[in-house]
Amino acid sequence: MTEPTPEAQSGLLWTYLKGYHAVHHIAMGTEMGLFGKLQEAGEAGCSSADLASSAELHAPYVDVWCRTGHHYGLLEGGDDGRYRLAPFMDKLLVDAADPRHLAPYVMTTARFVGKDLEDYPNYFKSGGTYSF
C-alpha cells in the first residue's frame with residue numbers, strides 16, 4: 001500500500017465536494033423539470049435558451065445549468081448549441097417507471113438529508129436524537 005500524499009488526499013476531498021454539487025445540480029434540474037424537457041426534445045436536443053423559455057426560467061442561469069450538466073456527464077452536446085440527455089439519464093432521472101430511477105433519492109438527499117445532518121453536531125454534544 002502506498003503512502004497517501006497531500007495531493008491525493010486533497011483530490012479525495014475535491015471529489016466529495018464535486019459530488020455534493022452534482023447532487024444539488026440534479027435536484028435543481030429535477031425540480032424545475034429540465035431533465036423531462038430535455039427528454040421530450042429527444043436526440044435533436046434543444047438550446048439552453050429554448051429550454052429556459054419552455055420552462056419559463058431565466059435563460060443565462062439555464063445556460064450555466066446546461067454547461068454544468070455537460071461537465072458532470074449528465075448532458076451531451078453543447079458544441080452545436082443544443083443539449084440532450086446523456087445515455088441512460090432518461091431512465092435514471094426522468095422515467096419513474098424504471099427500477100433504476102434515482103431522481104427521488106437525489107431529491108430526498110438534497111432537500112432533507114442535508115438539513116438533518118446540520119443538527120448532528122448538536123446531537124453528538126447532547127446525546128439527543130432526531131424525530132421524524
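Me: Is Ser48 buried or exposed?
Reply: This is a predicted model, in which local features need pLDDT of at least 70, side-chain atom pairs count only at pLDDT 80 or more, and totals for chains, interfaces and linings use all residues. Residues are numbered from 1 along each chain as its sequence is written, and side-chain values use heavy atoms, with hydrogens and water left out. The relative accessible area of Ser48 is 10%, and the word buried applies under 20%, exposed over 50% and partly exposed in between, with a 1.4 Å probe and protein chains only. Ser48 is therefore buried.

Me: With which side chain does the side chain of Ser48 make a polar contact?
Reply: A polar contact is a pair of N or O atoms within 3.5 Å, where within protein one must be able to donate a hydrogen and the other to accept it, and residues adjacent in sequence count only if both atoms are side-chain atoms. For the side chain of Ser48 the distance is 2.9 Å, and the partner is the side chain of Asp63.

Me: Are α1 and α4 parallel or oblique to each other?
Reply: Helices are DSSP runs (H or I, at least four residues), numbered from the N terminus, and axes are lines fitted to C-alpha atoms over the stretch in contact, with angles from 0 to 180 degrees between N-to-C directions. The axes of α1 and α4 come within 11 Å and cross at roughly 130°. Angles under 35 degrees count as roughly parallel, over 145 as roughly antiparallel, 65 to 115 as roughly perpendicular and the rest as oblique. The two helices, α1 and α4, are therefore oblique.
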